[in-house]
Amino acid sequence: MNIKPLGDRVVIKKLQAEETTKSGIVLTGAAKERPQEAEVVAVGLGAIVDGKRVEMEVKVGDKVLYSKYAGSEVKVTGEEYTILKQEDILAIVE
Amino acid sequence: MNIKPLGDRVVIKKLQAEETTKSGIVLTGAAKERPQEAEVVAVGLGAIVDGKRVEMEVKVGDKVLYSKYAGSEVKVTGEEYTILKQEDILAIVE
Amino acid sequence: MNIKPLGDRVVIKKLQAEETTKSGIVLTGAAKERPQEAEVVAVGLGAIVDGKRVEMEVKVGDKVLYSKYAGSEVKVTGEEYTILKQEDILAIVE
Amino acid sequence: MNIKPLGDRVVIKKLQAEETTKSGIVLTGAAKERPQEAEVVAVGLGAIVDGKRVEMEVKVGDKVLYSKYAGSEVKVTGEEYTILKQEDILAIVE
Amino acid sequence: MNIKPLGDRVVIKKLQAEETTKSGIVLTGAAKERPQEAEVVAVGLGAIVDGKRVEMEVKVGDKVLYSKYAGSEVKVTGEEYTILKQEDILAIVE
Amino acid sequence: MNIKPLGDRVVIKKLQAEETTKSGIVLTGAAKERPQEAEVVAVGLGAIVDGKRVEMEVKVGDKVLYSKYAGSEVKVTGEEYTILKQEDILAIVE
Amino acid sequence: MNIKPLGDRVVIKKLQAEETTKSGIVLTGAAKERPQEAEVVAVGLGAIVDGKRVEMEVKVGDKVLYSKYAGSEVKVTGEEYTILKQEDILAIVE
């Protein structure tokens with residue numbers, strides 16, 4: 001991964017929703033409307049508050065839920081990513 | 001419960017309003033319009049202010065009243081939850 | 001009273017305006033439009049500013065004047081209450 | 001006076017404009033549109049900033065000019081008052 | 001001058017623009033549209049920031065340029081003044 | 001120059017765009033639409049933050065680029081100037 | 001490069017998107033809509049927060065992604081640049 005987000009920003013990649021039908025067929029459909037789930041692929045160094053850097057709460061590989069309209073979508077080497085501030089990440093799904 | 005909210009966020013689950021009729025029948029209806037009551041199912045570590053983490057006031061299991069339009073609704077493994085900031089929780093009902 | 005407001009929030013109960021006619025009859029009418037008077041029934045622990053909790057200025061039993069459109073109305077065990085921030089309370093009436 | 005304003009709020013009472021006609025008759029008319037002059041009748045303890053209470057600049061008895069649309073009007077025991085924040089008081093008239 | 005502005009407020013008096021015609025006649029016309037020039041007639045003690053009073057930059061007698069729509073106009077003993085915050089004064093004209 | 005801007009304000013004078021045609025004739029036209037270039041003619045003492053004055057980054061004589069809609073235009077002794085906050089200056093052109 | 005951005009501003013130059021067709025012909029077309037990629041050509045000294053200058057995260061030569069509508073476009077000696085605040089830069093592309 002070659003994007004290094006600035007400050008308290010995070011780069012995430014939307015997860016494809018896997019749906020398994022009753023017959024066991026896995027349908028790899030489009031991302032569902034709600035919730036928006038993604039995987040963290042890059043994490044900034046953290047915001048600087050009062051001269052000290054605030055440690056980030058998420059790390060690469062975390063599965064996260066985030067506000068659907070947050071962040072900016074970018075396309076790097078053919079892949080779609082979203083760059084958003086950590087405060088727009090609601091929770092880590094474990 | 002496998003959602004870990006970030007910062008000063010809290011995950012809550014709306015409570016079904018139980019209504020008992022005069023004849024004693026319990027009607028488990030939809031959540032009433034007002035007030036919005038919920039149970040806390042996960043609590044973030046707290047916001048970081050001036051480099052120190054502010055301890056959360058609510059804990060898992062608390063029954064809370066919250067601003068109806070606050071937070072984001074998410075669906076995790078078939079269950080509906082609301083993720084909101086603690087400041088949008090009005091009070092704990094004891 | 002079983003509501004514990006969070007932070008610098010306060011739970012108040014609107015006072016019925018008592019009007020005494022010239023003939024001495026007390027008319028317990030609806031709350032008058034202006035001013036909105038209420039009694040404090042529960043007080044939060046206070047907001048945390050710079051890591052220290054700011055002591056609340058109002059206490060349970062205080063009669064207060066408050067901004068009519070402030071706060072959220074809740075109904076708990078059949079009683080109507082308003083939960084609002086202390087900063088929306090204008091004054092204590094002694 | 002039985003109103004105790006909270007924080008940096010002040011209770012003021014609008015002054016009736018006294019107009020003296022050429023013949024010497026004093027006309028106690030309604031408060032003139034501009035400026036809004038009032039007398040301070042109660043003063044809060046002051047706002048708390050960084051854990052310290054900021055001393056108020058006005059005191060009971062001061063004649064003040066204030067922003068016409070500031071504050072909330074209240075009626076206590078038949079008298080009209082305005083409760084406003086000290087920052088909405090422009091100046092003391094000496 | 002009997003107005004004592006609060007905090008970081010300043011009382012100013014608009015200057016009449018004096019225009020001298022080629023024949024030497026001085027025309028004392030209305031204040032011109034742009035720029036708004038005024039003389040400082042009273043200065044507040046200064047705002048309190050972090051418990052310390054910030055010294056004012058303007059003093060009585062200064063000629064100043066100010067944002068035309070800033071401040072409140074008041075009439076005291078028949079004279080028109082403008083009360084505005086020091087931050088709405090652009091510059092001192094020397 | 002007899003204007004002393006307050007706080008972190010700066011007085012600038014728009015530069016006439018000089019255009020030299022191929023034949024060497026200098027055309028002193030109106031200021032071009034984009035970018036807005038100007039020369040600093042007066043600099044305030046700097047804003048006061050937390051009781052300390054923040055040193056200004058620009059100095060008299062600097063050529064600067066600034067946001068076209070920033071600041072207030074004033075006319076002093078027949079000359080047009082713009083008074084704006086230093087934060088509305090984008091860059092110094094060297 | 002003769003532009004020195006103020007505070008936490010950065011001067012960037014949009015990168016032309018190079019597209020190579022299947023036959024190997026390089027098409028130097030206009031910048032594509034999404035993402036907006038640019039090269040940093042000048043960096044300010046950094047914002048001053050609480051009297052201390054905050055070190056910048058980007059440096060001259062960095063390739064960056066930035067919010068499309070951020071910043072001001074300027075033309076200096078025939079070249080187009082964008083001056084924006086570092087906080088409007090989303091990430092460094094390595």
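# Briefing on an all-strand chain and its copies

From the N terminus on, the elements of chain A run β-β-β-β-β-β-β-β-β-β-β, that is, 0 helices and 11 strands; helices (H or I, at least four residues) and strands (E, at least two) are DSSP runs numbered from the N terminus. This is a predicted model, in which local features need pLDDT of at least 70 and side-chain atom pairs count only at pLDDT 80 or more, while totals for chains, interfaces and linings use all residues. Residues are numbered from 1 along each chain as its sequence is written, chains are lettered from A and ligands numbered from 1 in the order in which they are written, and side-chain values use heavy atoms, with hydrogens and water left out.

**Chain A overall**

- Of the 94 residues of chain A, 39% count as buried, where buried means under 20% relative accessible area, exposed over 50%, and partly exposed in between (1.4 Å probe, protein chains only).
- Among the contacts in chain A with a separation of 6 or more, 60% come from residues 24 or more positions apart; contact means heavy atoms within 4.5 Å.

**Strand pairing in chain D**

- Strand β2 (residues 9–14) of chain D runs antiparallel to strand β10 (residues 79–85) of chain D, and 4 bridges join them; two strands pair if DSSP finds at least two bridges between them.
- Within β10(D), D:K85 stands opposite D:R9.
- β10(D) also pairs with strand β9 (residues 72–76) of chain D, in the antiparallel sense and over 5 bridges.
- The bridge partner of D:S72 in β10(D) is D:I83.
- The hairpin of β9(D) and β10(D) has 2 residues between the strands, and D:T77 takes a positive phi near 45° there.

**Two buried residues**

- D:D62 lies in the loop between β7 (52–53) and β8 (63–66) of chain D, and D:D62 is buried, with a relative accessible area of 9%.
- A polar atom of the side chain of D:D62 lies 2.9 Å from the backbone nitrogen of D:K59.
- Not counting residues up to four places away in sequence, D:D62 touches D:A38, D:E39, D:V40, D:E57 and D:I92.
- B:P5, in strand β1 (residues 3–5) of chain B, counts as buried at 2% relative accessibility.
- The C-alpha atom of B:P5 is separated by 8.0 Å from that of B:L45, 40 residues apart along the chain.
- Not counting residues up to four places away in sequence, the residues that B:P5 touches include A:L90 and A:A91 of chain A, and B:V10, B:V11 and B:L45 of chain B.

**Relations between copies**

- Chain G can be laid on chain A with an RMSD of 0.0 Å by a turn of 51° and a shift of 0.1 Å along the axis.
- Here too the copies use different surfaces, and 6% of the contact residues of chain G recur in chain A.

**The largest pocket**

- The largest pocket is lined by 43 residues, of which A:D8, A:G46, A:A47, A:I48 and A:V49 lie nearest its centre.
- On a 1 Å grid over the protein atoms alone, a pocket is an open set of points where a 1.4 Å probe fits, with protein on both sides within 12 Å along at least five of seven lines, and lining residues have an atom within 4 Å of a point.
- At least two residues of the lining come from each of β6 (48–49) and β7 (52–53) of chain A, β6 (48–49) of chain B and β7 (52–53) of chain G.

Key: A polar contact is a pair of N or O atoms within 3.5 Å; within protein, one must be able to donate a hydrogen and the other to accept it, and residues adjacent in sequence count only if both atoms are side-chain atoms. Copies are superposed by least squares on the C-alpha atoms of residues with pLDDT of at least 70 in both.
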